[in-house]
Amino acid sequence: MTARTLGLIMNGVSGRMGVNQHLIRSVVAIRNQGGVRLSDGSRVMLDPVLVSRSADKVKALAEQHGGLRWSKNDIFSDTATTQMRPTLLERAIAAGKHIYCEKPIATNLAEALKICKLAKAKGVKNGTVQDKLFLPGLQKIKMLRDSGFFGRMLSVRGEFGYWVFEGDWQEAQRPSWNYRTEDGGGIVLDMVCHWRYVLDNLFGQVKSVSCLAATHIPERVDEAGKKYKASADDAAYATFQLEGGVIAHINMSWAVRVYRDDLVTFQVDGTLGSAVAGLSDCMIQPRAATPRPVWNPDQKQTIDFYDSWQKMPDNVTYENGFKAEWEMFIRHVVEDAPFPHALIEGAKGVQLVECAHQSWRERRWVDVPKLEV
């Protein structure tokens, strides 16, 4: 059976995550395995065209750029900076291209909804990256939830972050724009979009949020060795009320030193059992194996609490999450296979960011209304 070729315009594949995850471990890996297999047994090959972050060069694709035309390509993928994304997506939608982009899909909800409406009106397939759902650790949490392991779910506690060096005596691990609000930086904008789809898909739809953010490190040093004012939040502490009565709390910080099993961990407690998951591993403690601690400040603790947890076996081989979602989107474009991560899901993330910012600004709980296009 003859393989079909899809042309991809990939904008902004230059940073570490873009090159490693979207290009090498996704598009290149798919090509090396012989394409994406469809339900009828045929395959789809990918022909990527890499373009720079420059909006002018992307615009030039509408005419001619390096001998390539928009008409040759089926999908526009954007992994560049958030501030440019709505403009670039709007141009691609107008050209009839299917859309697959990183999140946040915009820096504000109005722009995010505008893109969703344009894609719907044009009838193009669209999607946004929701890679955390494909992490082996969270896949194991999903398996436990679906099996009834937790019973009635009570609470979720997330810890995310690590120490990002200030840039003076050691080079920072993140680009300086992350710490400038005017350049689209801030941990709330960067991470709350992730927490929206993790919470919605695994634990319950987000109904309301209370958030306090901070700029713990007020001054940093950029890539050129120049000091700059960190105008964006580098830490946030958020509590979410979820559908079904589940309470979730997530701490996120680029000014925290790690004393836990992974850079991100989620603890889920339920009436019948609890689980703690990192990026890959997941530990469980069922109701019948729960120890019986007694508070006694006059005696050194005698229980080894870690010892009473059991590691979930790796019975399933998990693919790279970025690659797995790319394959899902390709099947969605070619044979209309289900794809739950449409742009509207990305807009929900931006909506929660705005609600979190409002909560921080007004020092109160903020309800998260249902979002539709």
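## Ground rules

Helices (H or I, at least four residues) and strands (E, at least two) are DSSP runs, numbered from the N terminus. This is a predicted model, where local features need pLDDT of at least 70 and side-chain atom pairs count only at pLDDT 80 or more, while totals for chains, interfaces and linings use all residues. Residue numbers start from 1 along each chain as its sequence is written, and side-chain values use heavy atoms, with hydrogens and water left out.

## Lysine 370

Lysine 370 sits in the segment after strand S17 (366-367). Its relative accessible area is 73%, so lysine 370 is exposed (exposed is over 50%, buried under 20%, partly exposed in between, with a 1.4 Å probe and protein chains only).

What does the side chain of lysine 370 make a polar contact with? The partner is the side chain of glutamate 372, at 3.4 Å. A polar contact here is a pair of N or O atoms within 3.5 Å; within protein, one must be able to donate a hydrogen and the other to accept it, and residues adjacent in sequence count only if both atoms are side-chain atoms. As for aspartate 78, 292 residues apart from lysine 370 along the chain, the two C-alpha atoms are separated by 27 Å.

## Helix H4 and its neighbours

Helix H4 (residues 109-122) and helix H8 (residues 343-362) have axes that come within 9 Å and cross at roughly 170 degrees. Axes are lines fitted to C-alpha atoms, for helices over the stretch in contact, and angles run from 0 to 180 degrees between N-to-C directions. H4 and H8 are therefore roughly antiparallel (over 145 degrees; under 35 is roughly parallel, 65 to 115 roughly perpendicular, the rest oblique). The contact (heavy atoms within 4.5 Å) includes Leu109 and Cys116 of H4 and Leu343 and Glu354 of H8.

H4 also packs with helix H3 (residues 85-94), at an angle of about 10 degrees and with axes 10 Å apart. That makes H3 and H4 roughly parallel. Among the residues in this contact are Glu90 of H3 and Lys114 of H4.

## Cysteines

How many disulfides does a search of the whole structure find? The count is 0, a disulfide being a pair of cysteine sulfur atoms within 2.5 Å. For cysteine 116, the closest cysteine sulfur, in cysteine 101, is 9.0 Å away, too far for a bond. Cysteine 116 is also buried, at 6% relative accessible area.

Cysteine 211 is in no disulfide either, with the nearest cysteine sulfur, that of cysteine 355, 11 Å away. Cysteine 211 counts as buried too, at 5% relative accessibility.
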